[in-house]
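Here are my notes on the model you sent over. Have it open while you go through the points.

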Amino acid sequence: AALEHNSSLLVLKLYGSSHTIGDIGSSNVFAALQRNTTLTELDLDFCPVRTLGTEFLSTQRLQTCKMSYSNLVWPPPSVSAEGREAIYSFLKAVREKCSPLARSRAMFVGAGGSGKTTL
């Protein structure tokens, strides 16, 4: 809540061992940025952020948003590898209800007559 109503903070650096935040903390920061209009630089380098939700779209107006995009598992690495703008495009599509298609195969192994077919 403090970040939402702060009208003087320009740079927020949360990198390093004593200030490390993960997925939940970064999501809260991104959500707070929707109401904060003064922040121009956000540094989350070396933070263990693995997923970005649509809240990340609030960083578009920042001049700088440093983080390790190569460590992300969501958006998919194929999107994250293309950089920040590709991530924005992907998350905009997700927000607009265009969800990505994910399929997996499963193999069930077991004795005959154990009920594998009824799964």
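**Notes on the model**

1. Let's start with S58, which is buried at a relative accessible area of 11% (buried means under 20%, exposed over 50%, and partly exposed in between, with a 1.4 Å probe and protein chains only). S58 sits in the loop between β2 and β3. Leaving aside residues up to four places away in sequence, S58 touches F30, L33 and Q34, where a contact means heavy atoms within 4.5 Å. S58 and V79 are 21 residues apart in sequence, and their C-alpha atoms are 18 Å apart in space.

2. A word on ground rules: this is a predicted model, with pLDDT of at least 70 needed for local features and 80 or more for side-chain atom pairs, while totals for chains, interfaces and linings use all residues. Numbering runs from 1 along each chain as its sequence is written, and side-chain values use heavy atoms, with hydrogens and water left out.

3. Now the overall layout. The protein has four helices and three strands, and along the sequence they come in the order α-β-α-β-β-α-α. Helices (H or I, at least four residues) and strands (E, at least two) are DSSP runs, numbered from the N terminus.

4. On burial and surface: 32% of the 119 residues are buried. The protein exposes about 7,800 Å², and carbon and sulfur atoms supply 53% of that; the areas come from the Shrake-Rupley method with a 1.4 Å probe, and for residues only the protein chains shown count as cover. Taking contacts between residues at least 6 apart in sequence, 51% join residues at least 24 apart.

5. Have a look at S80, in helix α3 (residues 77-80). Is S80 buried or exposed? With a relative accessible area of 4%, S80 is buried. Its side chain reaches the backbone oxygen of P75 at 3.1 Å. That is a polar contact: a pair of N or O atoms within 3.5 Å, where, within protein, one must be able to donate a hydrogen and the other to accept it, and residues adjacent in sequence count only if both atoms are side-chain atoms. Not counting residues up to four places away in sequence, S80 touches Y69, L72, P75 and I87.

6. P75 lies in the loop between β3 (64-66) and α3, and a cis peptide bond joins W74 and P75, with omega at about -5 degrees.

7. F46 is another backbone detail to check. F46 has a positive phi of about 70 degrees although it is not a glycine. Where is F46? F46 is in the loop between β2 (41-43) and β3. F46 counts as exposed because its relative accessibility is 67%.

8. I24 is exposed, with a relative accessible area of 67%. I24 and T51 are 27 residues apart in sequence, yet 9.1 Å apart in space, C-alpha to C-alpha.
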